[in-house]
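Please keep the sequence and the model at hand while reading.

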Amino acid sequence: MVLSSDTKNKAFNKDGKRSGKRPTDSRLHDSAPAKPGFAARAAATKILAAVIDRKTPLDGMLDAEGGNPAYKALGESDRALVRAILNSALRHLPRIEATISSLLDSPLPEGARALHHVLVVGAAQMLYLDVPDHSAVDLAVEQANRDPRNRRFAKLVNAILRRIGREKQDILEQVARVPAMPAWFLTRLEAAYGASAALKISQTQLEPAAIDLTVKSDAEGWAKRLNGVVLPTGGVRLAAFEGSIPSLEGFGEGEWWVQDAAASIPAKLFGPLADKRVVDLCAAPGGKTAQLILAGAKVTALDQSANRLKRLSGNLARLGFEAETVVADMSKYRPDELFDAALLDAPCSSTGTTRRHPDVLWTKGLEDIAKLAGLQERLLRHALTLVKPGGLVVFSNCSLDPEEGEDLVARLLADTDSVERVPIAAGDWPGLEAAISPLGAFRTTPDMLTLADGFASGLDGFYAVVLRRLS
């Protein structure tokens with residue numbers, strides 16, 4: 001991106017070193033009282049650095065109990081601000097970085113990553129959030145002044161962010177042409193789906209995900225009561241609302257649970273399940289387990305984490321459901337009796353969930369996709385040994401990459417005579433026909449499922465296939 005050059009900041013010379021005199025303002029010290037809002041910005045900057053530089057998943061750091069200490073020390077309103085800053089910064093990171101780069105005569109010096117993250121947090125607030133410019137600038141400058149590594153660049157922070165404030169609309173128009181995904185992943189999308197579809201997916205991930213519910217019954221009734229709309233999957237999508245999920249009608253009574261529309265598809269692919277024994281492998285947190293129970297199956301929920309299974313049991317209890325739970329590594333699991341069916345929603349790169357998990361593309365890479373695809377194939381081959389001859393295995397994950405879906409299934413079917421694909425019929429899924437591949441598998445992408453005004457469009461990227469064990 002190229003912005004007008006007549007007002008570029010002259011803070012660095014061509015060697016990338018600070019030109020002019022160093023700031024001598026030392027009025028701010030670490031021991032001085034911090035301004036209101038400073039702690040939230042400082043926490044956001046620390047967490048952003050952990051995501052980008054150390055590939056640390058965001059969810060764990062934002063956990064209310066075991067999360068980042070700086071985040072846990074904040075009040076709820078400041079925590080909400082931190083989440084908003086991080087989500088915006090990560091969704092728009094290539095555009096924010098392009099903006100900052102265009103306003104420098106030369107790149108930031110080596111070792112200036114902390115300064116870079118201060119600028120990104122400041123710019124994210126100014127470009128993509130409803131935060132007053134003066135507040136974002138003032139607190140970013142204070143961050144720089146309080147950090148010995150960045151104190152000498154405080155005037156630079158001030159100059160860069162103030163210019164962003166003055167030229168905001170021009171900047172937003174120009175960076176709209178910058179892809180919102182890292183180059184490595186955009187290249188993968190273009191290879192798999194074509195340039196046009198890849199661009200649509202990239203644009204879609206800029207919007208937050210909707211809240212979808214799986215209901216026990218009467219989807220039309222619950223859509224009316226909750227100001228929602230019935231989806232082609234049979235679930236309900238909510239319009240924007242104020243308040244918390246537990247405050248909604250039906251939550252306490254266990255009439256529904258939160259589950260993305262795409263995530264609800266795999267458990268629906270078995271056909272009739274009444275009185276059949278089904279194992280839900282990698283079961284926690286339990287949304288798919290609940291679907292299987294609702295369909296009449298006798299469910300064994302397996303997960304290698306006792307804590308995650310405890311959470312699953314709690315979720316099922318609210319819904320009035322019960323399942324046998326087994327703590328085990330599924331790759332080593334051997335039941336006393338084979339099952340009628342198995343659901344394997346496998347661990348994956350989660351690249352289909354960037355609307356709700358924008359850190360994924362910055363914490364994962366090509367090597368992770370290859371490693372996870374190998375793990376998934378091993379798990380799938382084992383899952384097929386857990387069902388009776390004639391039994392079904394539904395394999396799914398929330399990755400957009402064919403290496404974790406179509407490619408590994410094709411490889412398995414090519415070298416295994418005892419397994420066949422059971423094609424999914426597009427006619428059975430009105431409204432989602434475009435998600436059924438020519439081979440009869442589900443492939444949703446975030447740009448699918450366009451809804452009427454008032455409801456967010458899109459759904460998670462998911463792959464799902466039905467396989468039958470022959471012998």
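A residue is called buried when its relative accessible area is under 20%, exposed when that area is over 50%, and partly exposed in between. The model discussed here is predicted.

R355 has a relative accessible area of 2%, so R355 is buried. The side chain of R355 forms a salt bridge with D460, with 3.0 Å between the closest N and O atoms. The two residues belong to distant parts of the chain, 105 residues apart: R355 sits in the loop between β8 (339-345) and α15 (360-363), and D460 in the loop between β11 (442-444) and β12 (462-469). D460 is buried as well, because its relative accessible area is 4%.

A second bridge joins R163 to E167, where the closest N and O atoms are 2.7 Å apart. R163 counts as buried because its relative accessibility is 3%. With a relative accessible area of 16%, E167 is also under the 20% cut-off and therefore buried.

How exposed are the partners in the bridge between D415 and R381? Their side chains meet at 3.0 Å, N to O.

K35, D138, E142 and R146 are linked in a network of them. In total, the count for the model comes to 25 salt bridges.

The remaining topic is helix packing. Two packed helices are described by the angle between their axes and by the distance between those axes. For helix α6 (residues 113-128) and helix α7 (residues 133-146), the axes come within 9 Å and cross at roughly 170°. Angles over 145 degrees count as roughly antiparallel, so α6 is roughly antiparallel to α7.

Which residues meet between α6 and α7? On the α6 side they are V118, G122, Q125 and M126, and on the α7 side D133, A136, V137, A140 and Q143. By class, this contact has five nonpolar, three polar and one charged residues.

Technical notes:
Residues numbered from 1 in each chain as written. Predicted model: local features only at pLDDT ≥ 70, side-chain atom pairs only at ≥ 80, totals over all residues. Heavy atoms only, no water. Axes fitted to C-alpha atoms, helices over the stretch in contact; angles between N-to-C directions. Helix = DSSP H or I, 4+ residues; strand = E, 2+ residues; numbered from the N terminus. Parallel < 35°, antiparallel > 145°, perpendicular 65-115°, else oblique. Contact = heavy atoms within 4.5 Å. Nonpolar A, V, L, I, M, F, W, Y, C, P; charged D, E, K, R; others polar. Salt bridge = Lys/Arg side-chain N within 4 Å of Asp/Glu carboxyl O. Buried < 20%, exposed > 50% of the residue type's maximum accessible area, 1.4 Å probe, protein only.
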